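Please read it alongside the sequence and the model.

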Amino acid sequence: MKPSGNIPRWFDGARMTAAMEHSDVTPSFFYDFGIVREKVAMLRGALPAGVGIHYAMKANPLPAMVSAMVALVDGIDVASGGELAVALKAGAVHISFAGPGKRDAELESAIRAGSTINLESETEATRALSIAERLGMTPRLAVRVNPDFALKGSGMKMGGGAAPFGVDAERVPALVKRLIATGADWRGFHIFAGSQALDSGAIADTQAATVALAGKLAQEVGATPPLVNLGGGFGIPYFAGEQPIDVAMIGERLGGVLENRDSILKDSKFAIELGRWLVGECGIYLTRVVDRKESRGEIFLVTDGGLHHQLAASGNFGTVVRRNYPIAVANRFGFDVEETVSVVGCLCTPLDRLGDQVGLPRADVGDVIAVFMAGAYGASASPASFLGHSPAREVLTKV
């Protein structure tokens, strides 16, 4: 038997050996940018010509990662003033800024930088226009649309009902007309229906619905959107039995949709915005066993890491039913399973569990545990200050 879980197909023995070269300090995140490069190449080969790829840096905002992505993709999508500063320092030129609750200072920074602001409400539009007028600048403004449909099977639905994200589709034309009338540089639509979907057909169907909605809105506005951001939604297979999406099929379907798009979209450019799918599988979280104990017949491996670094793997990042991320004993990668254990962190809470009753080779104090699928929503999405433990080191290689 192989180590427990759905070990990413990208990680072989050689890559694990490379990761272990950085295991002198734990806990740590190890990111192999070679995997990201392979995934981007795969995606570009599948997508219709001219469809851009944007990186949603919320997935992994490590400055070194963002700098590497700037050279690889066509745009960087940010969701805060802090992320905007990182993107600008990384040399990003094509930046879009989405997310509810943008503060005036963030809007001003985006306008000064020439970034596109994806407006989340009419009120936000009013504030952005006022700030731009005060600065004497022409703002680059797009409208994030809350569509009347959702991505079926998505882990997080971003449309199809009332939402804090975006402007309801039926109110979008009036807002866009207002932006154009004020002289703003209207940059188009951002339409995001969901995330973390593994149903390739559902993703393709949603993209088709998104293009159709963009055409309908453009007709009502009476103007061609310069860019239609189709969102993302591409999931990755975290758990045993899950399969990766078929990007070739999705790309082929999208090609047919774009060939037959509404005439008003003839001169529009298109992009997809991805975070997790691009970087999620490139990372592993390495944490060292500091104690091995038995309690009422159950073996616990207690590590120097935990949910304060890798919240998602503990099942506390929006998971309804906790399931184990793929996990292995890194220094015995590929060895046969010898026992069933639970891998827990060093925090004083029963929520701090990285592996629940998993089959692993025997591990003792000093051995290193690897938790896979750690490239997205890991260090930056976890409560690093909880209980005062030190942050995890992050290492990016093969840039």
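A crossing of two helices is right-handed if the near helix is turned clockwise from the far one by less than a right angle. The structure described here is a predicted model. By that convention, helix H5 passes helix H6 in a right-handed crossing.

**Helix pairs**

| Helix pair | Residues | Angle | Axes |
|---|---|---|---|
| H5 and H6 | 104-113 and 122-135 | roughly 55 degrees | within 10 Å |
| H7 and H8 | 172-182 and 200-221 | about 50 degrees | 9 Å apart |
| H2 and H9 | 33-46 and 247-259 | about 35 degrees | 8 Å apart |

For H5 and H6, the axes cross at roughly 55 degrees, and H5 is therefore oblique to H6. On the H5 side, the residues in contact are Asp104, Leu107, Glu108, Ile111 and Arg112. They meet Glu124, Arg127, Ala128, Ile131, Ala132, Arg134 and Leu135 of H6. By class, this contact of H5 with H6 has six nonpolar and six charged residues, and no polar ones.

For H7 and H8, the packing angle is about 50 degrees, which makes H7 oblique to H8. The crossing of these two helices is right-handed. H7 contributes Val172, Pro173, Val176, Lys177 and Ile180 to the contact, while H8 contributes Leu217, Glu220 and Val221. Six of the residues in the contact of H7 with H8 are nonpolar and two are charged, with no polar residue.

H2 and H9 pack at an angle of about 35 degrees, and H2 passes H9 in a right-handed crossing. The residues that make this contact are Met42, Leu43 and Ala46 from H2, together with Val247, Ala248, Gly251 and Glu252 from H9. The contact of H2 with H9 divides into five nonpolar residues, one polar and one charged.

**Cavities**

Rolling a probe the size of a water molecule over the atoms shows where empty space is left. How many cavities of 30 Å³ or more does the structure hold? There are two cavities of 30 Å³ or more. The second largest cavity contains about 30 Å³ of space. Its lining consists of Tyr31, Ala59, Asn60, Pro61, Ala374, Gly375, Tyr377, Gly378, Ala379, Ser380 and Glu394. Sorted by class, the lining of the second largest cavity has six nonpolar residues, four polar and one charged.

**Backbone features**

The peptide bond from threonine 26 to proline 27 is cis, and its omega is near 0 degrees. Proline 27 sits in the loop between helix H1 (13-20) and strand E1 (28-32).

Methionine 373 is not a glycine, yet its phi is positive, at about 55 degrees. Where is methionine 373 placed? Methionine 373 lies in the loop between strand E18 (368-371) and strand E19 (393-397).

How values were computed
Residues numbered from 1 in each chain as written. Predicted model: local features only at pLDDT ≥ 70, side-chain atom pairs only at ≥ 80, totals over all residues. Heavy atoms only, no water. Axes fitted to C-alpha atoms, helices over the stretch in contact; angles between N-to-C directions. Helix = DSSP H or I, 4+ residues; strand = E, 2+ residues; numbered from the N terminus. Parallel < 35°, antiparallel > 145°, perpendicular 65-115°, else oblique. Contact = heavy atoms within 4.5 Å. Nonpolar A, V, L, I, M, F, W, Y, C, P; charged D, E, K, R; others polar. 1 Å grid on protein atoms, 1.4 Å probe; cavity = no way out; pocket = protein on both sides within 12 Å on 5 of 7 lines; lining within 4 Å. Points joined across faces, edges and corners; volume = space filled by probe spheres on them.
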